[in-house]
Amino acid sequence: MSAPEQPTITSAYRSVGVTFQSLVCNSDVFRKTLSLAASAATKDVAILLLGETGTGKNLIAQAIHNASRRREKPFVSVNCSAIPDTLLEAELFGSEKGAYTSADKLRKGKFELAHGGTLFLDEIGDMSPVAQAKVLRAFEYKQFERVGGEETLHADVRIIAATNRPLEQLLGGGRFREDLFYRMNEFTIEVPPLRARREEIEPLVQAFIRECNERFGTRIRGVDAPALIRLKAHPWPGNVRELRAVIKRACVSAGGETIRAEDLRLSPTPTSSDEIVPVGSDATLAGVEARHIEKVLNQTGWNKKETSNLLGISRPTLDRKISEYNLRKPS
Ligand SMILES: Nc1ncnc2c1ncn2[C@@H]1O[C@H](COP(=O)(O)OP(=O)(O)O)[C@@H](O)[C@H]1O
Ligand SMILES: [Mg+2]
């Protein structure tokens, strides 16, 4: 067996100073998430973090570690989706010298490196079933062998796992072993998407502006009112990570001390127009119906037969709605 480029396993490292206090939090829903995480932190249970990408799962995992009795020990993280399947086992459990043609020396795995501390298994939903079985054993019996090794090793680690896949998808497709899931699921924490906690947008923006000013020597003071409206209305499919990238780009490109809406370069996404009722628009059902009928009529070139088919209503009903809503064919 030969292993391509093994990702370098650096020595175990301490988690940098992320604490629950250092996370921006300004909404009831996120406050609840963090208080749940903080209470689990001290109990040494395995934790499964669920949430879309960019919602803060990595940061929360670090905050949990730093609030636990293991805080003086290593926080070791493995991104299961970034490591090819053939290498994951060696990455997790280590490999003996000569285990691969290219294995010139013994390498410790992440379980070993995390001994006494926390092992963060990121994107665990992307791990192969074979790797999952080995993780389960290492987790359950605290035993494992290095690839190519015979000696059974022991490691005392607390596992925090994270996935951006919805739970039903994770279990439904049979991709994730149920036994591992139930073992992992001692404590599940759902991290809400940014669009469910828009109160956080403004303080996050301020935090990211401060960060940019320090890093790039810029002197941005804030965002103007239209920019803030725009930021609060955006659906943020990439969550906080996306917001940070947008602010970073705006800080670098802004001409003055204030970020304006056009500096954000936010493109309207289909979700945003689906999700957000434009300020001042008619949000009544009748108003929405009128606009929708008009859109379909324009799309068919006012072909009423086709329009009524598309809308799933009869021709007389369409005629009635056209006159009721006073719709006119554009000249
Ligand atoms: N509550 C928060 N306060 C400050 N920054 C945050 C917060 N949540 C997320 N971030 C920022 O968003 C980025 C993505 O967070 P991360 O924890 O990597 O998300 P995930 O692991 O869920 O994809 C981080 O680099 C961090 O800068
Ligand atoms: Mg992550």
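User: Where does ligand 1 sit?

Analyst: Ligand 1 sits in the largest pocket. A pocket is an open set of points on a 1 Å grid over the protein atoms alone, where a 1.4 Å probe fits, with protein on both sides within 12 Å along at least five of seven lines. To sit there, more than half of the molecule's atoms must lie within 2 Å of the grid points. This is a predicted model: local features need pLDDT of at least 70, side-chain atom pairs count only at pLDDT 80 or more, and totals for chains, interfaces and linings use all residues. Residues are numbered from 1 along each chain as its sequence is written, chains are lettered from A and ligands numbered from 1 in the order written, and side-chain values use heavy atoms, without hydrogens and water.

User: Which elements give two or more residues to the shell?

Analyst: Helix H2 (57–66), helix H8 (201–216) and helix H10 (239–253). Helices are DSSP runs of H or I, at least four residues, numbered from the N terminus.

User: And which residues come nearest?

Analyst: Val24, Gly54, Lys57, Asn58 and Arg241, out of 16 around ligand 1. Near means a heavy atom within 4 Å.

User: Which domains does the shell draw on?

Analyst: At least three residues come from each of domain 1 (20–192) and domain 2 (206–275). Those bounds come from an automatic or database domain assignment. The chain also has domain 3 (285–324).

User: How far apart are domain 1 and domain 3?

Analyst: Their C-alpha centres lie 53 Å apart.

User: Switching to H14. What follows that helix?

Analyst: Gly312, with a positive phi near 70°.

Key. On a 1 Å grid over the protein atoms alone, a cavity is a set of points where a 1.4 Å probe fits but cannot get out, and a pocket is an open set with protein on both sides within 12 Å along at least five of seven lines; lining residues have an atom within 4 Å of a point.
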